[in-house]
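Student: I would like to go through the aromatic residues and the nonpolar core of this model. Please give the general rule each time, then the case.

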Amino acid sequence: VFYSKKGNKDLYKIRDTGQAASSTVSYEELHKRLAKLKKKHDKQLYIKLIFPEDSKLSYNDAWKFSKDILGKYDYYHTN
């Protein structure tokens with residue numbers, strides 16, 4: 001999962017294992033796809049977050065996003 005900002009807009013991309021390229025998605029679509037993967041892989045789903053160097057994200061933006069995504073979907077962080 002890639003997260004960055006382009007101007008004032010948040011930019012989300014996702015790439016599943018085996019895919020050559022990532023696809024740009026909305027925030028809602030990102031959650032739908034991750035929920036589907038969570039249902040399929042449950043306790044084996046590992047989420048790798050990538051914040052490009054030129055992401056224009058603040059520390060707080062990256063922290064909130066990480067906490068949200070990993071807390072809901074990543075096997076290591078979910079309860």
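Student: Where does Y46 lie?

Tutor: Y46 lies in the loop between α1 and α2 (59–73). Helices (H or I, at least four residues) and strands (E, at least two) are DSSP runs, numbered from the N terminus. This is a predicted model, in which local features need pLDDT of at least 70 and side-chain atom pairs count only at pLDDT 80 or more, while totals for chains, interfaces and linings use all residues. Residues are numbered from 1 along each chain as its sequence is written, and side-chain values use heavy atoms, with hydrogens and water left out.

Student: Is Y46 buried or exposed?

Tutor: Buried means under 20% relative accessible area, exposed over 50%, and partly exposed in between (1.4 Å probe, protein chains only). Y46 has 56% relative accessibility, so Y46 counts as exposed.

Student: Which residues form a nonpolar patch on the surface with Y46?

Tutor: Like charges are joined within 9 Å, nonpolar side chains (Val, Leu, Ile, Met, Phe, Trp, Tyr) within 5 Å. Areas come from the Shrake-Rupley method with a 1.4 Å probe; for residues, only the protein chains shown count as cover. Here Y46, Y75 and Y76 form the patch, with about 420 Å² of accessible area together.

Student: How many aromatic pairs are there?

Tutor: Rings of Phe, Tyr and Trp (its six-membered ring) pair if their centres lie within 6.5 Å; planes under 30 degrees apart count as stacked, over 60 as edge-to-face and the rest as tilted. By this rule there are seven pairs. One of them joins Y12 and Y27, tilted at 50 degrees with centres 5.4 Å apart. Y12 is in strand β2 (residues 9–14) and Y27 in helix α1 (residues 27–41), 15 residues apart, so this pair links distant parts of the chain. Y12 is buried at 8%, whereas Y27 is partly exposed at 31%.

Student: Why is the pair of Y75 and Y76 edge-to-face?

Tutor: Because their planes stand at 75 degrees, with ring centres 6.4 Å apart.

Student: Which residues touch the most other members of the largest nonpolar core?

Tutor: A nonpolar core is a set of buried Ala, Val, Leu, Ile, Met, Phe, Trp, Tyr and Cys residues joined through side-chain atoms within 4.5 Å. Of its 16 residues here, they are V1, L30, L34, I47, L49, F65 and I69. α2 gives the most, with four residues.

Technical notes: Patch = residues over 30% accessible without salt bridge, like charges linked within 9 Å, V, L, I, M, F, W, Y side chains within 5 Å. Salt bridge = Lys/Arg side-chain N within 4 Å of Asp/Glu carboxyl O.
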